[in-house]
Amino acid sequence: MKYILVTGGVISGIGKGIIASSVGTILKSCGLHVTAIKIDPYINIDAGTFSPYEHGEVFVLDDGGEVDLDLGNYERFLDIRLIRDNNITTGKIYQSVINKERKGDYLGKTVQVVPHITDAIQEWVMKQATISVDEDGVEPQVCVIELGGTVGDIESMPFIEAFRQFQFKVKRENFCNIHVSLIPQPNTTGEQKTKPTQNSVRELRGLGLSADLIVCRCTTPLETSVKEKISMFCHVEPTQVICVHDVSSIYRVPLLLEDQGVVRYLCERLNLPIEMRPRKMLTKWKEMADRSDRLLEHVSIALVGKYTKLADSYTSVIKALEHSALAINHKLEVKYIDSADLETTTLQDDPVKYHEAWQKLCSAHGVLVPGGFGARGTEGKMEAISWARKQNKPFLGVCLGMQLAVCEFARSVLGWEDANSTEFNPESKHPVESYMEMWNMLTNGTDTDLR
């Protein structure tokens, strides 16, 4: 088994998930079987109770696991099926260690971060890396591991220490580290700054891990002099400094990595059993990326939701829309509308915001109302649904969106003025949807409006 650890520095949200997915993609295009693990250092057991504003959308796996949205990227890029154990959190690790301690598995010894927590992390990774994620049931050959957060975070220290030990356990030829860092470019000078990356790599090395590849996130392609400076101060060859600048589509990232010799380097560094030849999968990938850039026809969809301040809150819906638009050769424009802004109370409190929201809605080609929890904003969603129905605009309701479409139809067409879901109004004389008590029990009575 070959292990590729992806770490990040300087800032969070730098794109480690896309880099990890892209590395897996170009290796899979070589005929290798690839799996992926996401490590989230937070103490929560999983992402199920998060507000969408915390970490974006909760991605639900085939086995019901509620995980970070990066696992959705892995599945989309690599065409694999993951399970809840492909997502490791601090909460899961500590829970497993405490359960063992309660059963007496440690024979009365003092349970400590080192070696018990770090050993648990390594055992989890080694066990999960062997689980097949492809339909053919073949055991993976490469495991890409993304460590969330940034190097230096107190939460991630046990994981960094675990992998410091792990690199010696599995041997150097089976383990490498890809470090993703930011190259800021201040508008005042336009100069690409390397100091944050130098400090990040130095801190990583001080914790016992050396970067084999340094992936530099920047707005424009790296200048040669900047690449050489990073090479000199971070103790790597210039060929090991990879530029990932802003591109038109995230689906161009695997092509960027391929063009800069990442496969060739990993093949030599990890002694991978692959041949360097043109690969059909990447050819199709390039065709898709090129077609995306050439799209001329536009389609605008109004997404009316409660968490529109963070686009990641609706990642799966957005990806589905993007892929659908690409399939019919249209460039997608998503108009994010906070459903509360469509309500009459907003007209009284903030007329400008109200009219701007309605202008966005009226200029869209179609309307999508996604899922959500709690009563807040539901009246605004029904206003959008009513407008779409009356104007004969294409409409799609997902989960709560479809439920509210039923309520709107019952109120406007059937004349049942108080038609509602029992989730929002248990006393309604026309309960057109019933809130499932069994589901309420399964969610342990969680205050779902927080989500």
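**Exercise 1.** Determine how many residues of strand S9 (residues 241-245) are buried, and which of them point the one way and the other.

*Solution.* In this predicted model, burial requires a relative accessible area under 20%. Applying that cut-off, 5 of the 5 residues of S9 are buried, and the strand is mostly covered. The next step concerns direction. In a regular strand, side chains alternate between the two faces of the sheet. Accordingly, Val241, Cys243 and His245 point one way from S9, while Ile242 and Val244 point the other way. Residues of both groups are buried.

**Exercise 2.** Identify the sense in which strand S8 (residues 213-218) pairs with S9, and the bridge partner of Val215.

*Solution.* S8 and S9 run parallel in their pairing, which extends over 5 bridges. Within S9, Val215 has Ile242 as its bridge partner. Ile242 is itself buried.

**Exercise 3.** Classify Asp40 as buried or exposed, and list its contacts beyond four places in sequence.

*Solution.* First, locate the residue: Asp40 belongs to strand S2 (residues 34-40). Second, compare its accessibility with the cut-off: Asp40 has 4% relative accessibility and therefore counts as buried. Third, leave aside the neighbours within four places in sequence; Asp40 is then in contact with Asp68, Asn87, Ile88, Thr89 and Thr90.

**Exercise 4.** State which residues make the nonpolar surface patch of about 310 Å², and which elements give two or more residues to it.

*Solution.* The patch is made by Tyr94, Ile98, Val113 and Val114. Helix H4 (90-103) and helix H5 (113-129) are the elements that each give two or more residues to this patch. Val114 can then be examined individually. This residue lies in helix H5. Because its relative accessibility is 43%, Val114 counts as partly exposed.

**Exercise 5.** Describe the setting of Gln403: its element, its accessibility class and its contacts beyond four places in sequence.

*Solution.* Gln403 is part of helix H16 (residues 400-412). With 25% relative accessibility, Gln403 counts as partly exposed. Once neighbours within four places in sequence are set aside, its contacts are Ser421 and Glu433. For Gln403 and Glu433, the separation is 30 residues in sequence and 7.1 Å in space, C-alpha to C-alpha.

**Exercise 6.** Give the helix and strand content of residues 310-429.

*Solution.* An unreviewed UniProt entry places the feature "domain: Glutamine amidotransferase" at residues 310-429. Over this range the chain is 48% helix and 15% strand. The end C-alpha atoms of the range are 37 Å apart.

How values were computed
Residues numbered from 1 in each chain as written. Predicted model: local features only at pLDDT ≥ 70, side-chain atom pairs only at ≥ 80, totals over all residues. Heavy atoms only, no water. Buried < 20%, exposed > 50% of the residue type's maximum accessible area, 1.4 Å probe, protein only. Contact = heavy atoms within 4.5 Å. UniProt positions renumbered as here; feature names shortened; annotations may be inferred. Patch = residues over 30% accessible without salt bridge, like charges linked within 9 Å, V, L, I, M, F, W, Y side chains within 5 Å. Areas by Shrake-Rupley, 256 points an atom, 1.4 Å probe, with all protein chains shown as cover. Salt bridge = Lys/Arg side-chain N within 4 Å of Asp/Glu carboxyl O. Pairing = 2+ DSSP bridges.
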